[in-house]
Amino acid sequence: MSFANKRPGGRILPARRLTPQVDPEKQFEKIEQAINEIYNHNSSQLSFEELYRTAYGLVLSKNGPMLYGGVKQVLETHLKECMHRDILKHIQASGSRRSVVHCEALLSSVRSLWSEHVTAMLMIKDVLMYVDKVYVKTAQVPSIYEMGMCVFRDQILLAADRQLNSEVIDAAMFLISQERKSASEVNRGALHGVVSMMIELQDPGQLRPVYDVYFEPRLFAETSEHYREMAQIRISKMGAPEYGRAAQTDLEAESLRTKEYLAASSFAGLHRIALERLISTYAQEILTIPGSGLVQMLDQRDIPSLKVIYKLYESSPPDVLNVLKRGICDHILSLGKKVQASATTSTDASASKTTSEVSGIAGKTVIALRWVQEILALYDVFDEILIKALADNQKMRYDIKDAFIEIINANRRAPELLSLFIDDNLKNGLRRKTEHEIDHTLEQSVLMFRFLKDKDAFEHYYKLHLAKRLLFGRSISDDAEQSLVSKLKVECGSQFTLKLEGMFKDMQLSSDINRQLRESGTFSDIGFDMSVSVLTPTFWPTMAPSGASSDGEKGALSKDGASSGGIIIPSTAGVSKSIETFSAHYLKYHSGRRLTWQYAMGNADLKVRFGSRTHELNVSTYQMLILLLFVDEDEAEEEQGNGSSKGLTTAQIQEKTHIPKEALARHLQSLACGKYKVLTKHPMSRDINPDDVFRFNNGFKSPQYRIRLPVASARNSVETEKEKEASQAAIGRERQYLIEAAVVRIMKTRRQMSHEQLVGEAVEQLSSRFMASPKMIKNGIEKLIDREYLQRSPDDPRLYIYLA
């Protein structure tokens, strides 16, 4: 027995060429019969090897066209029969009245027929693999599978003037509409099968999927109409939160619908249409629904609802989101105006108060400080809304920031009030607060400072308030003071905080000098301790009391112990001697310097006997000078043998001390008209007149041993109109220096510039300190021309040339 003709692996031997005696039509009948068996689900009884060899033989014998055409005809015949047997009955049964049952039945039958056809074509394609490999490439016709899809399209979906296509689309649209309106369950499997069929089948005219040509335009049109109707109904019945949640539910449903049975490519269009009909068309109306609009959501801090509204508007075109931004910013401005209205009324009213109405000014100061607190609290609210509800949208943040900048700078006293707010916190407000709370308060202060346009005005007030805190020892935390200056330095640069840092340095050096004096025993012979703060004039502000000139407040000590600047220092109690001692010690180590004494900023502790009781009084330097006059008066009365003091008039006290009149009036009020009346006044009233008589009150009683006598208006408070004018004048002078310095810096670099360029660059450079107007820049340029720093070009008067 020979095994020579056997091939290993069981490979199929090539078919012999058909002899003329083999009839091709009989061979094709085998293929036709096999296709019918496949459609009848009897493929398990077929020999795919034999069918492959048959098709192989037909192609080799040049009968490929007959085989290809025959298969196509068999498919057409079978699908026509299925069309009449399984599909048309559902179309006829539904008639003109549609129902969910009939529509689902139609779609299910089409899906079933499509599923069977696809399964069959996969088998037929395998049987006729050699046809695809040889004949299809040579004849340049669609593959067997593609041809089968085209036959299904032409005989089923687009047959009879596309009747079935229209019926299928109508049925699908009806089911989708029912699902949208009533949220009822529909046969999503049938919808998915039909949609998948339309996606795979290509339209012969446009060479695009049937889904894109016929189904999707209809889907978009009906979606648009559905949400147009829904928007009209909801806008009249719902509030903004409910409307937003309903729209969000609709969008989520469309997304789920796309995942379940629609084409993924349709999601963008459905999402766009739903947003356009539900949100874009009614963007303004939604936010202004009476009683339940954007204002109410913001006031109630309804974060979940605001988050929904933001997502809807953010997904819409940019102009829709701008509507939401405008609504939020307008509400911020509205709230800011309400806060500002009360503060402006209060602070303006305080400007007209006289010194006899100090308590009124203090009350207005409290209200003014409340304005800062309310503005910062308002910012915290909207910052929380921005982060939690608006996804920290940066464009939104810029718009909200601009709204707060407008609110803050609309208050002409904003720099002063912010400095008062910081002063109040650093003196009292930070007590019993944690480190985190302190840092938050400082961050809030810097934030508001960042929003100020006139930062130089803030610097003016902050230096005044800081000077009083440092000199009077009122600050409760040196670390907080230093931290705030560091934050300001980061915000505006080292040049801005140069003088502030110099003030701290002066206090540290003064502390070292006083320690050296105590250790050396210089004051041991005087009988009391003395602490002096030596200040650098360029760092510290001129802190003259209201109505007093600078010359009246400062003076260099002369040999007789009197101030050459005007204030008279009595020799009583060694005050004059202590000043001379300190001056001699200081100038010994710092030759060439000149000391100028600022008496208005000092304070002293005095032990005073009232009858049989002794009290320790903490008083200002001016109060000390006034009380020392009564020591001299009592000694003179005792020498003359008089039993009682005649007292001193206001004019006499002013003559003996040279204290400025307005400052004297305030200090006399604090001694004779305040809570602790260590002096008596005749006649008794808060008004201080030149002829009023003051006497030492031997009958003064108090349960406290140590008593602090606060000076009227000594605390930092809202400025009066007169003080405001003086501050504005000082700020104006400083601005003039800054403008001239900026112009010189620019011209020194550029050498020559046109007027417009110079003004523009100067405004930009100065914007970190204040908003300079072109007129201010022009005045500065004119002064520099007069002083021959600049000159106009002979050829062009608007061109400036720098003179070296």
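An open sheet of three strands, ordered β5-β7-β6, is paired in the antiparallel sense, where strands are DSSP runs of E with at least two residues, helices are runs of H or I with at least four residues, both numbered from the N terminus, and two strands pair if DSSP finds at least two bridges between them. This is a predicted model, in which local features need pLDDT of at least 70 and side-chain atom pairs count only at pLDDT 80 or more, while totals for chains, interfaces and linings use all residues. Residues are numbered from 1 along each chain as its sequence is written, and side-chain values use heavy atoms, with hydrogens and water left out.

The edge strands of this sheet, β5 (648-649) and β6 (679-682), each pair on one side only. Four bridges join β6 to the antiparallel β7 (residues 693-696), and lysine 681 lies opposite phenylalanine 694 of β7.

A further antiparallel pair is formed by β3 and β4 (residues 613-620), with eight bridges, and alanine 604 has valine 619 in β4 as its bridge partner. Two residues separate the strands of this hairpin, and glycine 611 adopts a positive phi near 65°. In a regular strand the side chains alternate between the two faces of the sheet. The faces of β3 are listed below.

| Face of β3 (residues 603-610) | Residues |
|---|---|
| Covered | Ala604, Leu606, Val608, Phe610 |
| Uncovered | Asn603, Asp605, Lys607, Arg609 |

A nonpolar core is a set of buried Ala, Val, Leu, Ile, Met, Phe, Trp, Tyr and Cys residues joined through side-chain atoms within 4.5 Å, with buried meaning under 20% relative accessible area for a 1.4 Å probe and protein chains only. The largest such core has 89 residues, and those with the most contacts inside it are Ile279, Tyr313, Leu324, Ile328, Phe382 and Tyr462. Helix α16 (residues 358-388) supplies the largest share of this core, twelve residues. A second, separate core of 73 residues includes Ile38, Tyr56, Tyr130 and Phe152.

Leaving aside residues up to four places away in sequence, tyrosine 462 touches several residues, among them Ile422, Leu426, Arg469, Glu481 and Leu500, a contact being heavy atoms within 4.5 Å.

The largest cavity is lined by Ile31, Ala34, Ile35, Ile38, Leu51, Ile124, Val127 and Leu128; on a 1 Å grid over the protein atoms alone, a cavity is a set of points where a 1.4 Å probe fits but cannot get out, and lining residues have an atom within 4 Å of a point. Helix α1 gives the most to this lining, with four residues.

Note on methods: Buried means under 20% relative accessible area, exposed over 50%, partly exposed in between (1.4 Å probe, protein chains only). On a 1 Å grid over the protein atoms alone, a cavity is a set of points where a 1.4 Å probe fits but cannot get out, and a pocket is an open set with protein on both sides within 12 Å along at least five of seven lines; lining residues have an atom within 4 Å of a point.
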